[in-house]
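Reader: I have a model open on my screen and I'd like to learn how to read it. Can you walk me through it feature by feature?

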Amino acid sequence: MKPENEVVAQFPSLSANEALARQIAAAFAAQLDPTLEELGDLKTAVSEAVTNAIVHAYPERIGPVSLRLRRLPGNLVEITVKDRGCGIPDIAKAREPMFTTGGAERSGMGFTIMESFMNSFSLRSVPGKGTTVRMRKKLTGRGELG
Amino acid sequence: MQYTSLLQDKRLTILLSGEIDHHSARETMEAITSKIDVYLPRSCVLDFGGVSFMDSSGIAIVIHALRAMEELGGEVWLANIPAQPMKVLRAAGIEKLVRLGAERSPA
């Protein structure tokens with residue numbers, strides 16, 4: 001599907017950039033006239049995906065995280081979060097609710113939330129190469145591109 | 001993330017405000033734990049009234065407070081939860097762990 005609009009942002013895996021990523025996603029989605037709930041869902045999903053990259057992809061160093069937002073035909077928003085970090089050795093385990101390797105301040109609910117707040121969710125990860133999360137959500141709004 | 005707290009009749013109320021994410025979670029957890037350790041309350045109310053955004057880091061904060069209160073034989077209440085944080089908490093099944101939806105703090 002050819003995107004109707006697209007933005008790509010790249011930033012280092014600093015936790016201060018979690019809020020930045022949410023703001024970028026919210027600003028991009030605003031042109032589709034989302035409901036408050038839809039906007040909250042998108043911001044939450046972005047926050048989870050970007051936090052995963054920051055916490056897990058680069059445990060010992062700061063590395064690049066990219067966030068791509070696309071508007072697709074049919075009022076779809078596609079969010080892709082990509083890192084070039086260590087990868088996930090056991091994807092099935094990582095996706096289990098309440099499983100985390102991230103310490104006390106993580107709940108292990110990130111993937112569960114991404115899957116339930118978005119309409120589609122895919123995860124590709126290669127150990128040593130990096131991880132890509134792609135999610136789509138159909139919005140009810142009728143925003144038109146000017 | 002900002003917080004203020006008040007203690008009344010062994011009930012510790014912590015008013016959370018701003019955005020709760022991983023960036024602020026550890027500091028918030030440590031602040032809540034230190035208040036519980038100092039005041040030894042019978043119940044702890046986490047008031048989400050001023051929270052403008054919360055991701056799954058908030059779940060970890062609630063569970064952390066719950067563990068600290070369980071050590072004292074006390075309980076945790078969550079109050080004034082806006083729609084977005086509520087959706088995140090419900091996705092985690094948090095209502096099975098703590099008392100939810102108290103508009104007013106418990107007596």
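Predicted model: local features only at pLDDT ≥ 70, side-chain atom pairs only at ≥ 80, totals over all residues.

Reader: Fine. Where do I start with chain A: how many helices and strands does its secondary structure come to?

Author: Start with an inventory, then read the order. Chain A has four helices and five strands. Going along the sequence, they follow the pattern β-α-α-β-β-α-α-β-β.

Reader: And the overall shape? What radius of gyration does chain A have, against that of a compact globule?

Author: Here you set the value beside what a compact globule with that number of residues would have. For 146 residues that would be near 15 Å, and chain A has 15 Å, so the two agree.

Reader: What share of chain A counts as buried?

Author: Burial goes by counting neighbours: a residue is buried if 20 or more other C-beta atoms lie within 10 Å of its own. By that count, 40% of the 146 residues of chain A are buried. Sequence separation is another thing to check. Take the contacts in chain A between residues at least 6 apart in sequence: 69% of them join residues at least 24 apart.

Reader: Over to chain B. Do β1(B) and β2(B) run parallel or antiparallel?

Author: For strand pairs, look at direction, bridges and who faces whom. Strand β1 (residues 2-8) and strand β2 (residues 11-20) of chain B run antiparallel, joined by seven bridges. As a landmark, L7(B) stands opposite L12(B) in β2(B). Their hairpin has two residues between the strands, and D9(B) there takes a positive phi near 50°.

Reader: And which way does β3(B) run against β2(B)?

Author: Those two run parallel, with nine bridges joining β2(B) to strand β3 (residues 43-54) of chain B. T13(B) stands opposite V45(B) in β3(B). To get from β2(B) to β3(B), the chain passes through helix α1 (residues 22-39) of chain B, and this β-α-β crossover is right-handed.

Methods
Residues numbered from 1 in each chain as written. Chains lettered and ligands numbered in written order. Pairing = 2+ DSSP bridges. Right-handed = clockwise from strand over helix to strand, strands pointing away. Rg over C-alpha atoms; globule rule 2.2 N^0.38 Å. Buried ≥ 20, exposed ≤ 12 C-beta atoms within 10 Å, placed from the backbone. Contact = placed C-beta atoms within 7 Å.
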